[in-house]
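User: I have not read a structure like this before. Please take me through it one feature at a time.

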Amino acid sequence: MSSTTEAAPAKERTRSLYRGDPGMWSWVLHRITGVATFFFLFVHVLDTALVRVNPDTYDKVIETYKNPLVGLMELALVAMVLYHALNGVRVMLVDFWSKGPQYQRPMLWIIIAIWFVVMIPGAARIFYNMFAGH
């Protein structure tokens with residue numbers, strides 16, 4: 001009597017949609033920065049509307065914004081808006097330029113470089129305003 005052992009079929013590897021490349025991170029970060037900017041604008045409209053309701057309350061709210069924590073939040077806001085704007089230009093070039101898809105990865109690295117070049121003096125100015133008491 002001979003017995004044959006049959007090997008179990010190889011389990012097919014499942015893959016997720018996430019590939020881990022910079023393009024995917026760019027897409028995710030673009031969505032996050034867009035939503036965060038929207039919520040900032042919503043809060044900004046609400047706190048600016050206070051000037052019509054009660055000017056004293058408006059002054060108190062504005063006074064609370066003059067602390068280092070809000071300065072760091074302002075720095076984050078500038079970083080998010082700048083990234084969102086630069087990446088938006090890249091997305092438009094990919095969509096509307098015939099060679100855009102071919103150059104989308106180099107364009108991503110270019111916008112990241114531009115982001116750093118603009119953020120360094122921007123961050124310096126925000127830190128100056130935070131600690132110089134302006």
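User: How does the lining of the largest pocket divide by class?

Analyst: For classes, Ala, Val, Leu, Ile, Met, Phe, Trp, Tyr, Cys and Pro count as nonpolar, Asp, Glu, Lys and Arg as charged, and the others, Gly among them, as polar. Here the lining of the largest pocket holds 14 nonpolar, 7 polar and 3 charged residues. This is a predicted model, in which local features need pLDDT of at least 70 and side-chain atom pairs count only at pLDDT 80 or more, while totals for chains, interfaces and linings use all residues. Residues are numbered from 1 along each chain as its sequence is written, and side-chain values use heavy atoms, with hydrogens and water left out.

User: What is the volume of the largest pocket, and which residues lie nearest its centre?

Analyst: A pocket is an open set of points on a 1 Å grid over the protein atoms alone where a 1.4 Å probe fits, with protein on both sides within 12 Å along at least five of seven lines; lining residues have an atom within 4 Å of a point. Its volume is the space filled by probe spheres set on the points, which are joined across faces, edges and corners. The largest pocket comes to about 740 Å³. It has 24 lining residues, and those nearest its centre are Tyr65, Val70, Gly71, Met73 and Glu74. Two or more lining residues come from each of α1, α2 (55–64), α3 and α4.

User: What is the volume of the second largest pocket, and which element gives the largest share of its lining?

Analyst: The volume of the second largest pocket is about 300 Å³. Its lining has 15 residues, with Gly23, Ser26, Trp27, Arg90 and Gln104 closest to the centre. At least two lining residues come from each of α1, α3 and α4, and α1 has the largest share, with 6 residues. By class, the lining of this second pocket divides into 5 nonpolar, 5 polar and 5 charged residues.

User: How many helices and strands does the protein chain have?

Analyst: Helices (H or I, at least four residues) and strands (E, at least two) are DSSP runs, numbered from the N terminus. This chain has 4 helices and 0 strands, in the order α-α-α-α from the N terminus on.

User: Which residues of α1 are buried, and what do they pack against?

Analyst: Buried means under 20% relative accessible area, exposed over 50%, and partly exposed in between (1.4 Å probe, protein chains only). Of the 134 residues of the chain, 18% count as buried. In α1, the buried residues are Ser26, His30, Thr33, Thr37 and Asp47, and they pack against α2, α3 and α4. In α3, buried residues include Gly71, Leu75, Tyr83, Asn87 and Arg90. The cover over the buried residues of α3 includes α1 and α4 (104–132).

User: Why does Ser26 count as buried, and which residues is it in contact with?

Analyst: Ser26 counts as buried because its relative accessibility is 2%. Contact means heavy atoms within 4.5 Å. Ser26 belongs to helix α1 (residues 22–53). Apart from neighbours within four places in sequence, Ser26 contacts Tyr83, Asn87, Arg90 and Leu108.

User: What joins the side chains of His84 and Thr33?

Analyst: A polar contact is a pair of N or O atoms within 3.5 Å; within protein, one must be able to donate a hydrogen and the other to accept it, and residues adjacent in sequence count only if both atoms are side-chain atoms. The side chains of His84 and Thr33 make such a contact at 3.0 Å. Thr33 sits in helix α1 and, at 3% relative accessibility, counts as buried. The Thr33 side chain also reaches the backbone oxygen of His30 at 3.1 Å. His84 lies in helix α3 (residues 68–96) and counts as partly exposed, at 27% relative accessibility.

User: Which residue caps the N-terminal end of α3?

Analyst: Asn67 does, with a side-chain oxygen 3.0 Å from the backbone nitrogen of Leu69.
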